[in-house]
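Please read this briefing alongside the sequence and the model. It takes up a few topics in turn.

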Amino acid sequence: MSQISSFLEPIDYLVIVGYLILLVAFGYYISFVKNKKTDASYFLAGNTLGWPSIGLNMWGTNVGPSMLIASASVGFTTGIVAGNFAWYAFIFILLLAVVFSPRYLGANVVTLPEFMGKRFGDSTRNILAWYTLITILISWLSLTLFAGGILVQQLLDLPMYLSVIMMVILSGFFAAAGGLKAIAYTNVFQMLLLIGVSLLLVVMGVNKAGGLEHIYNSTPGSYWNLLLPADDANYPWVAILLGYPVMGVWFWCTDQSMVQSMLGAKNLKEGQLGANFIGWLKILDVPLFILPGIVCFVLFPELKNPDEAYMTMVTQLFPAGLRGLIIVVLIAALISTIGSALNSLSTVFTMDVYVKKYEPKASQNKIVKTGRLVTLFGSILAVLITLAINSIKGLNLFDIFQSILGFIAPPMSVVFLFGVLWKKTTTRAANLVLTLGTVISLGIGVLYLWIFPNQIYNWPHFLLLSFYIFVGLSIMTYLVSITDKTAQDNHDVLLKIDPKAKPDNQVKILWVALTIVMILLYVFFNGH
């Protein structure tokens, strides 16, 4: 097929430039003209969120432009097997609802490092600040930058390093001009638009391909199975069964950006209902985000790069002008994520490391200056990490995302599971896992992805590697805890769930209903 950029017409580029100019103008108005007092009331939710807001906020955080592009890519290459990352997740969302959230809300904390600080002390909270920096830099900033670089590369036919640098400069410019505030205000509209676009893509694509039956008959049977044979090269069922839980616990139960909405719940019941709601919403991930890739496989089987599946569908099925609007909304959403990640990186380092540890009496001017330096240094580091990610061979965009996250997840999953479920877990064990365990986990990831790449050397599946690391770190936690004679504080009150906080009948019925639907989906999407 021709370059994606060759299908764009002048009207598309006009829409792209016009939309970005409007965002900058709106951002300038919000930042410098309108009364700033309205900002605080807009962003500070307090403990006021009901279950619809919690579910939609969590889904919106989970569903971004990177996911649209990556999900279509894996749908094109392997079918719906990647739906496990959406549908298998309900177990770990349930774990958040009934095991973690009662303790988080009972502890009355604002952040998860604060909870871990209450559980293990300030030393653990300080280490978590560094761990958070690494997570933001890799999983949030660099991976989004990578997806943005791929998008710009496809649109302008530029080399990756120029595409990535352009995304960073664009994000920085928007931040300086107040554009990020405009994107924040329009985020809900943009996410609804992207979800609507995916629905329209599916409807138009299925119609053009001759209907669902024709699509089913035109694809391999394995494209419609959630569980693939144990010797499958892409996603064997054993790897999914054992490896995804490590990532699931980390992402759904311990990641601040995901749990934040739960922490803002009016009460525990609203939080548990909100978690149940996102479980239902996650069912939509497969038809909305993976199915376009399968439809692209049927319509454009000659496509050489699966990472172009989503944009190929957009440029081939949508009329001029609308193509440009979809593309610029994708770019704006990516810019928003990159800008937010840079801001979080700067805030966490400046406030949780620099001010707390080194300069507690630093002036406001010095804090701002430090924040800007961290943003600049973080941008350079993120560009280098993104270019390193781009050098990974033999994996599509979705697989790159999941493999990197698979090596980040084990230490946090171990520390939170042991810290919450086993009261004998000691501070020394938690700190050792968060330091040495992180070095081991990321070190194995570097070996797997770059030094001894899987396409040349015969490694286990990356999800199995994640599971093995999890087991190793769990054994380390247990052994260190039982041999550590250091006196530990009594955490019975912190870790015990108040009997009044048990799920009520409405919560139980909805979770049973969701479980039944999930089991039926797994039965239906197997044996093809």
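Is Asn108 buried or exposed? With a relative accessibility of 64%, Asn108 counts as exposed; the classes are buried for under 20% relative accessible area, exposed for over 50% and partly exposed in between, using a 1.4 Å probe and protein chains only. This is a predicted model, in which local features need pLDDT of at least 70, side-chain atom pairs count only at pLDDT 80 or more, and totals for chains, interfaces and linings use all residues. Residues are numbered from 1 along each chain as its sequence is written, and side-chain values use heavy atoms, with hydrogens and water left out.

**Confidence**

- The mean pLDDT of the protein is 87, and 92% of the residues score at least 70; pLDDT is the predictor's confidence in each residue, from 0 to 100.
- Helices here are DSSP runs (H or I, at least four residues), numbered from the N terminus.
- Residues 37-45 have a pLDDT below 50, and this stretch has seven contacts in the model beyond near neighbours in sequence; a contact means heavy atoms within 4.5 Å.
- Where pLDDT is low, the predicted coordinates should not be read in detail.

**Aromatic rings**

- The structure holds 25 aromatic pairs. Rings of Phe, Tyr and Trp (its six-membered ring) pair if their centres lie within 6.5 Å; planes under 30 degrees apart count as stacked, over 60 as edge-to-face and the rest as tilted.
- Tyr88 sits in the loop between helix 5 (84-87) and helix 6 (90-106) and Tyr244 in helix 12 (residues 237-254), so the pair links parts of the chain 156 residues apart.- Both Tyr88 and Tyr244 are buried.
- Tyr223 and Phe297 also form a tilted pair, because their ring centres are 5.0 Å apart and their planes are at 40°.
- Tyr223 is in the loop between helix 11 (212-217) and helix 12, and Phe297 is in helix 15 (residues 285-299), so this pair ties together parts 74 residues apart in sequence.
- Tyr223 is buried at 7% relative accessibility, whereas Phe297 is partly exposed at 22%.
- Phe85, Tyr88, Phe92, Tyr235, Tyr244, Phe398 and Phe462 make up one aromatic cluster.

**Helix packing**

- Helix 8 (residues 122-156) packs against helix 18 (residues 364-390) at an angle of about 65°, and their axes are 9 Å apart. Axes are lines fitted to C-alpha atoms, for helices over the stretch in contact, and angles run from 0 to 180 degrees between N-to-C directions.
- The two helices are therefore roughly perpendicular; under 35 degrees counts as roughly parallel, over 145 as roughly antiparallel, 65 to 115 as roughly perpendicular and the rest as oblique.
- On the helix 8 side, the contact is made by Leu137, Leu141, Ser142, Leu143, Leu145 and Phe146. Residues on the helix 18 side include Gly378, Leu381, Ala382 and Val383.

**Single residues**

- Arg119 has its place in helix 7 (residues 112-120) and is buried, at 1% relative accessibility.
- Beyond neighbours within four places in sequence, Arg119 contacts several residues, among them Phe418, Trp422, Lys424, His491 and Leu495.
- Asn108 lies in the loop between helix 6 and helix 7, and its phi is near 55°, a positive value in a residue other than glycine.
- Asp157, also not a glycine, has a positive phi of about 55°.
- Asp157 is found in the loop between helix 8 and helix 9 (160-177) and is partly exposed, with a relative accessible area of 47%.
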